[in-house]
Amino acid sequence: METLTYNGTQIEVNTEGYLKDMNQWTPELARTMASQEGIDLTEKHFDVLNWLRTKQAEGTALSIRKIGNSGLVDIKQFYALFPGGPLKISSKIAGIPKPASCI
Amino acid sequence: MQEILERPTTKVAEVPVDKNKGKVKKVLIICSKGKLEDVYAALVMANGALMEGMQAKMFFTFFGLEAITKKNADHLHTATVGNPAFMPGMPTVVAGLPGFEAFASYMMKKEMDKLDIPHVTEFLQMIEAGGGEIYACKLAADMFHLKKEDFVDEVKEIITVGDMYALAEGEGTQIIFI
């Protein structure tokens, strides 16, 4: 078990840096986590992050294809927003577990 | 009993990050077969590589070309004859009955739909959108009398074997042959 300290709050993450509890997430924390990935979050990023969080809370299995069909971004834009492994990186920044998706 | 019948859950392993190991940076996937399951193996691996932040190139050759033709990409079949893993115990003579292969392929596609697996043409679009590149083999295209316009738009070029090896250039590349 590892912890991140953000604004004096201890946040539990796993060895890969994914939040253990998605309720500890804040937009400010997302900005900090994104900057570690070299990403400067825009409104479009937050649209995707919020969509991911909503779907995760609903218990939907997430995949790149579903994001492409979300109406928010197409797959090309999604790769451009979160370069270097978009589903993993966006999930980490969204404070949700690493998706168990092969597609 | 109830517990046993419940659907198994997928768990994600926590992979420790070792910065010193030589990472796979690029995959070149050669697909030489046109059976549904072989083509999907190639597509899933190429798309999976992109999802992990790697580069992915695909080279379709021989019967694999079927998977990138406008005409047949979404109409691939699985082999019911000569495939001992398909319904073990099924006599070959039954598996070879007219229409059986089409029926088996239909059932397989239905199962794939349930798992949200895209059709071949959509999969190719996803791979291109993710930055992957798709090529056709010149020799096989000549042999089957296929031209650029016979292939789906995602096919970038028809190239030679030499050009294919050039796609694999660079440190951390893996070539996968199907």
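A residue is called buried if 20 or more other C-beta atoms, placed from the backbone, lie within 10 Å of its own, exposed if 12 or fewer do, and partly exposed in between. The legends below describe a predicted model, in which local features need pLDDT of at least 70 and side-chain atom pairs count only at pLDDT 80 or more, while totals for chains, interfaces and linings use all residues. Residues are numbered from 1 along each chain as its sequence is written, and chains are lettered from A and ligands numbered from 1 in the order in which they are written.

**View 1. Chain B as a whole, with its seven helices and five strands.**
Helices (H or I, at least four residues) and strands (E, at least two) are DSSP runs, numbered from the N terminus. Followed from the N terminus on, the elements of chain B come in the order α-β-α-β-α-α-α-β-α-β-α-β. Of the 178 residues of chain B, 30% count as buried, and its C-alpha atoms fill a box of roughly 50 × 50 × 25 Å along the principal axes. Two residues are in contact if their C-beta atoms, placed from the backbone, lie within 7 Å. Among the contacts in chain B with a separation of 6 or more, 74% join residues 24 or more positions apart.

**View 2. The open sheet of chain B, built from five strands with parallel pairing.**
Two strands pair if DSSP finds at least two bridges between them, and the strand order in this sheet is 4-3-2-1-5. Strand 4 (155-159) and strand 5 (173-177) of chain B stand at the edges with a single partner strand each, so one side of each has no neighbour in the sheet. From one strand to the next, the twist averages 20°. Strand 2 (residues 55-60) and strand 3 (residues 133-137) of chain B run parallel and are joined by four bridges, and B:F59 stands opposite B:Y135 in strand 3. Helix 2 of chain B lies across strand 1 (26-31), strand 2 and strand 5 of chain B, running at about 165° to strand 1; here axes are lines fitted to C-alpha atoms, for helices over the stretch in contact, and angles run from 0 to 180 degrees between N-to-C directions.

**View 3. The largest nonpolar core, with 56 residues.**
A nonpolar core is a set of buried Ala, Val, Leu, Ile, Met, Phe, Trp, Tyr and Cys residues joined through C-beta atoms within 7 Å. The members that touch the most others are B:A46, B:M58, B:I68, B:I127 and B:A136, and helix 2 (residues 36-51) of chain B gives the largest share of this core, nine residues. Leaving aside neighbours within four places in sequence, B:A136 has contacts that include B:F60, B:I68, B:F151 and B:I158.

Not counting residues up to four places away in sequence, B:T69 touches B:L146, B:D150 and B:F151.

**View 4. Helix 2 (residues 43-58) and helix 5 (residues 86-93) of chain A, packed with their axes 9 Å apart.**
The angle between these helices is about 80°, and they are therefore roughly perpendicular to each other, a term that covers angles of 65 to 115 degrees. A:V48, A:L49 and A:L52 in helix 2 meet A:S90, A:S91 and A:I93 in helix 5.

**View 5. The hairpin of strand 1 and strand 2 in chain A, with two residues between the strands.**
Five bridges join strand 1 to strand 2 (residues 9-13) of chain A, and the two run antiparallel. A:T3 stands opposite A:E12 in strand 2, while A:N7 takes a positive phi near 50°.

How values were computed
Angles under 35 degrees count as roughly parallel, over 145 as roughly antiparallel, 65 to 115 as roughly perpendicular and the rest as oblique.
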